[in-house]
Amino acid sequence: MTNTIAIGIQWGDEGKGKIVDLLAPDVDVVARFQGGPNAGHTLVLGDKKTVLNHIPSGILHEDTLCLIGNGTVVDPKRLVEEMDMLIEACIPVTERLKISERCQLILPYHRSLDAAREVAKGKAKIGTTGKGIGPCYEDKTARRGIRLVDLTSDDLDERIDANLEYVNFMLVEYLKAAPVSRMEVDAMLDLARERLLPLAADVPLILQRRIKAGDSILYEGAQGSMLDVDHGTYPFVTSSNTVAGAALAGLGVGPGQVDAVLGICKAYTTRVGAGPFPTELYNAEGMECPSGKHMAEKGNEFGSTTGRPRRTGWFDGVVVQHAVRINGVTGLAITKMDVLDGLEEVKLCVAYELDGERLESVPACCKQLEAVEPVYETLPGWSENTFGATSMEQLPANARALLKRIEEVCDCPVTMLSTGPDRSHIIHL
Ligand code: GDP
Ligand code: IMO
Ligand code: MG
């Protein structure tokens with residue numbers, strides 16, 4: 001395997017964890033380049049399920065080095081909990097994991113700000129995961145963030161004091177929320193110093209050495225392209241770039257060090273949190289279409305991190321085409337094909353209509369995206385069971401026809417098809 005970026009190309013939760021875990025034995029390094037504990041990547045091996053927030057999805061494999069890049073935001077408490085969960089399962093995580101000394105730390109005040117801002121927004125809230133992601137990335141851009149390497153710095157105390165003065169003013173005076181104490185922040189910093197600093201490393205140096213030695217790298221994204229802060233459904237997005245290009249900046253590698261981009265998407269669409277979703281059929285707020293309910297129930301569509309019910313809808317070819325373009329996707333990995341088993345018919349959105357005009361790409365304006373009508377093609381469904389299929393011959397003709405149409409609409413070959421949550425439920429095309 002060459003150097004591949006594996007990313008979600010819808011609104012997250014496409015099955016990145018499963019795909020990265022199954023590809024990991026064929027690579028030497030798996031590296032996360034953005035996001036933080038907002039991610040929940042699920043790995044299933046037999047009856048054992050592992051959900052990872054920060055740690056790359058290659059961690060279960062003995063010979064795979066896992067790297068957390070500078071583009072990520074790390075919650076020390078959550079990462080230590082994650083490490084301990086793996087250690088308890090006899091995974092020698094400290095031997096397999098390195099963390100960029102340049103990654104940003106999520107501190108208690110980031111979570112408080114995230115929560116208080118959502119409350120203040122009322123009905124207009126983003127529906128964030130509440131993990132402090134936005135405020136932490138804001139601090140990074142504002143140049144007041146605290147990085148892992150800063151734990152050894154002489155001026156750390158002063159910088160924390162200055163940050164707390166500002167944050168507590170915002171929390172108490174403006175957002176009418178409780179202040180954050182210095183003690184809480186210090187406890188987090190102590191934990192990071194004790195458990196994370198020993199794993200701090202110069203990640204670009206490690207990567208360059210590995211690449212020079214002929215090792216292959218799998219760059220693992222979090223979230224999905226429609227949650228990208230530039231290319232997604234702004235402002236209903238996360239606060240980082242989630243597209244393939246972010247892998248370079250988020251790890252410190254060059255464009256020549258990437259050979260392929262694997263775009264991971266479900267055979268239908270889901271979204272958690274607020275924001276436009278043109279092909280939506282079903283949600284917890286009362287949208288009740290039976291096909292959407294089928295996807296939600298059969299697909300067990302609940303957030304891996306937050307447990308929130310996911311909104312569901314038909315495959316949106318306009319969204320996936322958009323993602324293929326902005327990421328330079330070279331192959332699609334379609335997941336959760338088995339969830340469509342038993343539907344009488346399956347729809348595929350091939351364009352949008354807005355005020356009588358046909359749109360072939362995603363409008364930048366959220367209000368417009370909310371107003372579009374999907375243009376659907378309807379294909380016959382199938383009653384056969386595809387769960388766990390490992391070869392194309394096991395798929396009914398109608399499922400194969402859907403895949404072919406997805407390839408045509410999205411102008412991209414399907415190279416992997418996932419037919420169940422387990423590592424073994426896969427068809428390589
Ligand atoms: P990620 O954030 O992209 O890694 O995705 P999540 O782990 O949040 O959500 C994907 C969910 O679908 C997890 O519960 C996976 O175990 C499950 N899953 C992944 N691929 C398949 C598949 O092909 N079929 C079924 N039925 N479940 C799958
Ligand atoms: P993985 O990596 C699905 C969504 C949130 C919210 C918006 C902003 O598991 O695919 P944030 O907490 O990032 O400020 O929330 O982004 N979101 C995700 N949705 N999967 C994720 O990660 C997500 N990470 C963030 O629901 O709408
Ligand atoms: Mg997830």
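Student: What should I know before I start?

Tutor: This is a predicted model, in which local features need pLDDT of at least 70, side-chain atom pairs count only at pLDDT 80 or more, and totals for chains, interfaces and linings use all residues. Residues are numbered from 1 along each chain as its sequence is written, chains are lettered from A and ligands numbered from 1 in the order in which they are written, and side-chain values use heavy atoms, with hydrogens and water left out.

Student: Let's begin with the metal. Which protein donors does the magnesium ion (ligand 3) have?

Tutor: Donors are N, O and S atoms within 2.8 Å of the metal (3.2 Å for Na, K and Ca), and sites may look incomplete because water is not among the atoms. Here they are Asp13 (OD) and Gly40 (O), at 2.1 to 2.2 Å from the ion. This pair links distant parts of the chain, 27 residues apart: Asp13 is in the loop between strand 1 (4–8) and helix 1 (16–23), while Gly40 is in the loop between strand 2 (29–32) and strand 3 (41–45). Those helices (H or I, at least four residues) and strands (E, at least two) are DSSP runs, numbered from the N terminus.

Student: Is Gly40 buried or exposed?

Tutor: Buried means under 20% relative accessible area, exposed means over 50%, and partly exposed is in between (1.4 Å probe, protein chains only). Gly40 has 9% relative accessibility, so it counts as buried. Asp13 has 22%, so it counts as partly exposed.

Student: Which residues come nearest to ligand 2?

Tutor: A residue is near a molecule or strand if one of its heavy atoms lies within 4 Å of it. Ligand 2 has 21 residues around it, and the nearest are Asp13, Lys16, His41, Thr129 and Thr238.

Student: And how do I read the polar contacts there?

Tutor: A polar contact is a pair of N or O atoms within 3.5 Å; within protein, one must be able to donate a hydrogen and the other to accept it, and residues adjacent in sequence count only if both atoms are side-chain atoms. In the side chain of Thr129, an N or O atom is 2.6 Å from an oxygen atom of ligand 2. On its own, ligand 2 has 550 Å² of accessible area, and the protein covers 98% of it. Such areas come from the Shrake-Rupley method with a 1.4 Å probe; for residues, only the protein chains shown count as cover.

Student: What about ligand 1? Which residues come nearest to it?

Tutor: Ligand 1 has 20 residues around it, with Lys16, Thr42, Ser304, Asp338 and Ser418 coming nearest. A polar backbone atom of Glu14 is 3.0 Å from an oxygen atom of ligand 1, and a backbone N or O atom of Gly40 is 2.8 Å from an oxygen atom of ligand 1. In the side chain of Asp338, an N or O atom is 2.8 Å from a nitrogen atom of the ligand. Taken alone, ligand 1 exposes 580 Å², of which the protein buries 91%. Helix 1 and strand 3 are the elements that give two or more residues to its shell.

Student: Now a spot away from the ligands. What does the side chain of Asp150 reach at 2.7 Å?

Tutor: That would be the backbone nitrogen of Arg147. The side chain of Asp150 also makes a polar contact of 3.2 Å with the side chain of Arg159. Asp150 lies in the loop between helix 5 (133–141) and helix 6 (156–174), and is buried at 6% relative accessibility.
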